[in-house]
Every structure is written in structure tokens, then in C-alpha cells.
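Look first at where two chains meet, then at one residue inside a chain. The text below follows that order.

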Amino acid sequence: MCLGVPGKVVEVNDMTALVDFWGVRKPVMLHTVDEPVAPGDYVLVHVGFAIRRIPPEEVEETLAFYEALLRAAEEDLMAAEVQSEIRTPEESP
Amino acid sequence: SYRTVLLGHGSGGRLMHELIEKVFRPLLLPPETRVLNDAAVLNVDGLRLAFTTDAFVVDPIVFPGGDIGRLAVNGTINDLAVSGAHPLFLSAAFILEEGLPMDTLCQIVDSMRQAAAEAGVPIVTGDTKVVNRGKADKVFITTTGIGIVEYEGTLSADQARPGDLVLLNGPIAAHGITVMLAREQIEFEQPVRSDTAPLHTLVAAMLRASSRIRCMRDATRGGLASALNEIAMNSRVGIHLDEDRIPIQDEVKGACEILGLDPLHVANEGKLVAIVAREDAERVLEAMRAHPLGREAAIIGEVVEDPRHLVLLRTRIGGFRVVSMLAGEQLPRIC
Amino acid sequence: MNRLRSPKPSERLEFRDPERVQAFRRALERLCADHQEPISVMHVCGTHEQSIARFGLRSLLPPNLHVIMGPGCPVCVTDMPEVDEAVYLAEQGMIIATFGDMFRVPGTLKSLAEAKAEGADVRVIYSPWEALQIARETDREVVFFATGFETTAVATAAVILSGPPKNFSVLSAHKYIPPVMEIVAEMPQTRVQGFLAAGHAATITGWKIFERFVERHGIPVVVAGFEPLDILGALVQLVELIRRGEKRVVNAYPRCVTPEGNRNAQRLLWEVFETESGVWRGIAYVPNGNLRLRRKYAWVDARVRFEIRLSEWLRDAPPRLTQECICGNIMAGIATPYDCRLFGKECTPETPVGACMVSSEGACRIWYEYGGHITGPNM
């Protein structure tokens, strides 16, 4: 219900920032952002207003978060597969 | 179903089709006309004459990469070309709003002269009317075009067969996004330009490369999605596309992301989609890539058996979704 | 597990790396494999549905995992009288600035699109800031038809606080999400075992706001982003919480959502707006579900500045088909479009009755166009 798109801040002048989205640049209003932004920062933009400064390390963290999630899911299921192997010999006719 | 004509009735999507099927076809078209292609191909003493007409009401009338004049010439040439015809002559009728600055008119007519000269297709007749201020938006241009069809195959939207491949001559959605940026008070730095171009020499090269091109469509209003849905409906087939293979400029993709638009629905003015027999597809692709307007041509999908005549897209991440015909006009979304 | 290649720079922000998507798909499949009866989870966000539809995510989900679209898009929940108010003002000769999403939503008599076709001055805008610019370039009255959830209401508040010209006013149809999750969770027939919370609304409100909800209803909540990996990652965690019977809130969108949320935005929001109870189209009465301008800002409130005589204007309105529209039950996940008498007859994408047929991501629109959820080439 809220199309939010991340972009990279190119320039900041007063309450407006020029933000780059895949090569298209657009002025974005800063009245609603949670922290001051500087060129190079990533921001989340909704209806032309920045509503979040995305700390760069958060981007890395999300990727690492997914890796951990995948590994956990993998181990979980490894464990499940091991258990099922133990069970199958008894159940086999 | 609607009491009045809506903007959406001109969008190239479903509303427009309903208007054609409910109003124009029963009243104007002879009952036996089954398929509506980009041009009518008529038999005149053994000659196959292609005959088309088009109206241009773009707002703003000047935009990066072109203007309403260049658009009118190229658009008409392309309707003839994708019907397999060698374009011969054009006409242009102008509806001018009282108060239109004379040098704006001269700029537009001069760019028509240039476009016609570059394409080698002269404008041979025309008409001019002027309406009260406010009764038209600066200038509207209506064109007609005639050409001779020499291609032995029949190019029509009902000729696609399962197994055929879908070819596209380059990156999509540039024109629609360019015009929308210029009009919607959305200030973007403008690296995006309209792709308006005459495609007749590209088409000629394609037709020489294969006698089994089933049909070609000019993917203008309603975008690639409408063109392909029309083919799927008329040929009673399904079409599977591969998103990875559909070229799109990064800036155009960025604009679509921000505005919440689907690039497959955005208008193009220099793009055609062709359905080609599988055995000839590589040869046609090579012919396209050898042409300046086909540098980034690609095989983007295939025709399949599907009783529901759906156009499906295999998305970049491996999922599947239906590509529907655009309903009304395209509007930026926030949700 | 073999090391997945790290995503290309352009994919870095996008979280759309196909390899990881397939890895998540396999993980979800195995997680749901030994779960006999179906797992139903709900999201309350049009943008979640838009991402799911656009990337074809549903075709990647295990058959027994049902992701239901709840009352989440401002188009679907903006009630009829609110659209009528906008159309009424448009017909008094005022300039109406509206988001594209609301342009074709049917009012009792007509939509803003039909009003425009009959001569009204309706402008489609992309940002509330543009509505302000329009007002600055004319001396006619400009009314911004303000729709959307708290995420969008924050931008409206910023525009109001920036000192708009006298001819600018706001017709607020903004909504507030947390109360409606309560309503849907309390609906007896709801078979929802978990919620995906909307990441961008939570960017404003913070995720702590859902803790009370989880305690009260015992349904786990995962706050999710909108890229394919965000959604699939959130679903993996939600299914795990359901399997283990854990009742808690998990924030799967840490790059945008914090426990407390965007304090600055909250200050703007609650300075200008207050919650008010009201009807959400097709759902019912949602206590504190609407956001309306505080008395202090009556000077910019279109409902105060202009007399909107709806009842008189609607006197000879045709019988309202919308009484028979069951979008509410569909949004609450307790009915499908096939249960609706109007579906595919009086109610089609070209002649939408309920807002779920108007919104390109509305449940009815998707079922009409695709005959239910198309999940793959051989479906």
C-alpha cells in the first residue's frame, strides 16, 4: 500500500535532495526523513518524500541475514532428512 | 457500458478494444473482416495495396527525441511496414488551435519534412482546419499512408502457430516514459528519449531473410503487452515470454519502478514485435541486428498451445505471471 | 551448502538474485512439506500483492501455503462517501488533485475519471508536493484528495506544515493500518495463522506497535519488505513461527524498520492528524481506522471550508450495486470472488463496482483476468 523505492542521494540543498534511481534523477523532499542525509546515502522514497535513511551497513546486514536464514533452513531440513532416514528402515515392510 | 467516452478508451488497451468491438466494428466494418491489423491490405487489379490511417494527439507536442510531426510520419510508415508493404505516399491533415504560435507550427511541419525526406516517403496531399481556442490542444495531426505489398507470405495477427518464436527489435518503454516525464510535472533529469524511428528498411531486411514471418506488430499504445495479447487472441494461441531477454534501458526501468508502471504496458514508437517460424528465427535475428534500428534485437519468447490464449511471462527470478492487456490509460501509482 | 555467488552490484539494492530466490523456494517447500492441512497467512498491503504478482512469486510457493490479500490497498478500502465527496467538489468547479490509484474508483454516481470526462478539472499527481505546486500556479481552489495509509499521510502532513497558499485544501481519506488488523484478526471466520505486516507503514510506526496485537490475538507477525527475497525470507520465518507455535513479532526488514520507527515522521503525522472511527469500504466500522485533520488545521480542511451536501446531491442516485459487493469478505480472506453475484457480470475491470475490481492488484481483478491465481505455465 506504499510503493517505496530506494535511491542514492546525489546532492542535498536545504529541504530537497536530488536522488538517483537506476540512472534517473529526481528531486525528493526531506521533511519526513528520520535522520539528516548526505550525498552517498541511500534513502527510501514514497510519493516523492524520503521516509528513511538506509544505513549502508544495513544493506550488507540484510544480505548476511538472508544467508543465515538459508543456512538455518538448510540445517533444519538436513536434521529432518537424517531423522527420516533413521525412521524409514523400521517402517520398511 | 460507459455513458461517455473516457480517456482510457484511447489507451490501446481493453477499453479501446471494447469501443472498437461495440461501436466501430458493427457499424463500419464489413461483417467478414475478422482480424484488425495495423493496415488494411486491399486487392486492386491484382496489386496488393496497403492502406492505413492514424491520428496523433501527443501532449506535450515537443519532447526529447522528437515531436508530434516526426511521430506522425514515422508512425504511419511503421503501420505500413509491419503489414509487409513498401511505403509509397503519405497524407497529413492538421487541426490547429486558434492562437498556436506560427513558429511552433513551422517547427513541427519542418520536422515532418525532415522525417519524410530521411525515410524517402513523400507527403503528397493534406488539409488544414482551425478551431476556436480551447477546442483542440495546440495541434492534432491525422495521416494516411499507402504502399504496395510484395511479400508472398500473409502477415496477419491470426497467423501465429505453436512453435513459432517472438522477436523484438530493441529496448522497450522509452517513448511512453519520455512523454509521461515531460507531461506529469515529474522532474527527472532527462537521460530518457523517445525511440521514434521509421522501421520500413528494418522490416524490408527481415522480409528478405524469411518467407515464414507470420505477423508483425507496431507496439505503440498499450505497449508490448497489448500487441502480443492481440496476436494471442486472433491466432488462438498462448505466448510465453522470458523477462531476462526483454531489453530495457536502466533509466527507463528506474522511471517505471518509481511510478509503479509495468514497462510491458508503456508505449513505444520505434519498436516492432515479430512472430517467426522457429527454423528461420536465427536468420531473421541476424538480419535485424545488422540494421541500426535492430542492434539490440532479441528472441524474447515463443508461441505455445494454450486454450485460454494467455500471454505468460517467466520473470527474472524464475516465477510466472500473466501479462494482461492494459485496461484504461496508464497512470503513475503510489500503492 | 555451496557458497552462493554474491549478487551483482545492480542487484545489490534489489534483493532479486534468482539463485537465492530458488534457494528460499526450496526451503519453503520443505518447511511446508510435512504440514498436512494448508497454512493461511495474510498480508494487508497492495504493494505486497503488487510485488507478489509482478515477480510471479505465487507460482513459487508450495501449494498448501496460501498468501491471502487482506484489506491493504487504499483504493480497496476508501469508502464510497469519500469518493463522492471528491467528485462533488470536482463538480463545483474546483481543481481536484488525486493519485492515479483513485482516478477510476467508482463513486455512487461516477468516478473522478468520469467526472473529468464530463468537464471537471481532475489532475493526476504523483506526489502531494505537486498538488501544492498546482495551487501556487492558480488562484482557483485546489483540493488534494489525500488517500493512502500513514506512510502517505506523513507526506500530506509535511505539505500542510510547509505553509501552503490559501487556495489549497485537503480532503483527507487517509487510513491507519494497526486498527484494521485487529478487526480482521477478530473476525470469527478468519482462518489466518500469521500476518505479514507492511514494511513501509512500519518504517513510520516502528514494529513494536505490533507486540500488543500478537499478545492479544496469539497470531505471529513478520514485518516484511517488498523485494522478492524480502517477501520469501519473511514467509520462511512466518511459517517457522507457525510450525513452532511461537507467538511473537519478527522484523524481517531491518534496513528500513526499527523498533520505534521514524520519530520525525510520527511527530509530523500526529501534529496534523488524529484517528477517527469510520467505515472502510466493504470491511465494516473500523474504530480509529481513519486519519482526519485536527481542529487546529481546519483552515486547510476541505470538509470544513466547503459545504459538501452529499445527501441532496445523491438524492436520485441509482440503487447502489455496492450493497451486494462482498469485497470486504474477500479482503478478510473468508470468501472468493466466485462467491459474489456481481463478479464478471455487473462488475468487470471496465465497469468496476467494488474497489477490488478497480485496483490492478485487487483480488477480484486478478481473479477476473487470470481466472484465479495462475501459478505456472502448465497450471
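The contact (heavy atoms within 4.5 Å) takes 38 residues from chain B and 47 residues from chain C. This is a predicted model, in which local features need pLDDT of at least 70, side-chain atom pairs count only at pLDDT 80 or more, and totals for chains, interfaces and linings use all residues. Residues are numbered from 1 along each chain as its sequence is written, chains are lettered from A and ligands numbered from 1 in the order in which they are written, and side-chain values use heavy atoms, leaving out hydrogens and water.

About 3700 Å² is buried between chain B and chain C, and carbon and sulfur atoms give 56% of that area. Buried area is the accessible area (1.4 Å probe) that two parts lose on being put together, summed over both.

Two salt bridges link chain B and chain C. Each needs a side-chain nitrogen of Lys or Arg within 4 Å of a carboxyl oxygen of Asp or Glu. Glu257(B) forms a salt bridge with Arg16(C), with the closest N and O atoms 3.1 Å apart. On the side of chain B that touches chain C, helix H1 (14-28), helix H7 (250-259) and strand S14 (320-322) of chain B each supply at least two residues. H7(B) gives the largest share, four residues. Helices (H or I, at least four residues) and strands (E, at least two) are DSSP runs, numbered from the N terminus.

Now turn to Thr76(B), found in helix H2 (residues 68-81) of chain B. Leaving aside residues up to four places away in sequence, Thr76(B) touches Thr52(B), Asp54(B), Phe56(B), Leu90(B), Thr143(B), Thr144(B) and Gly145(B).
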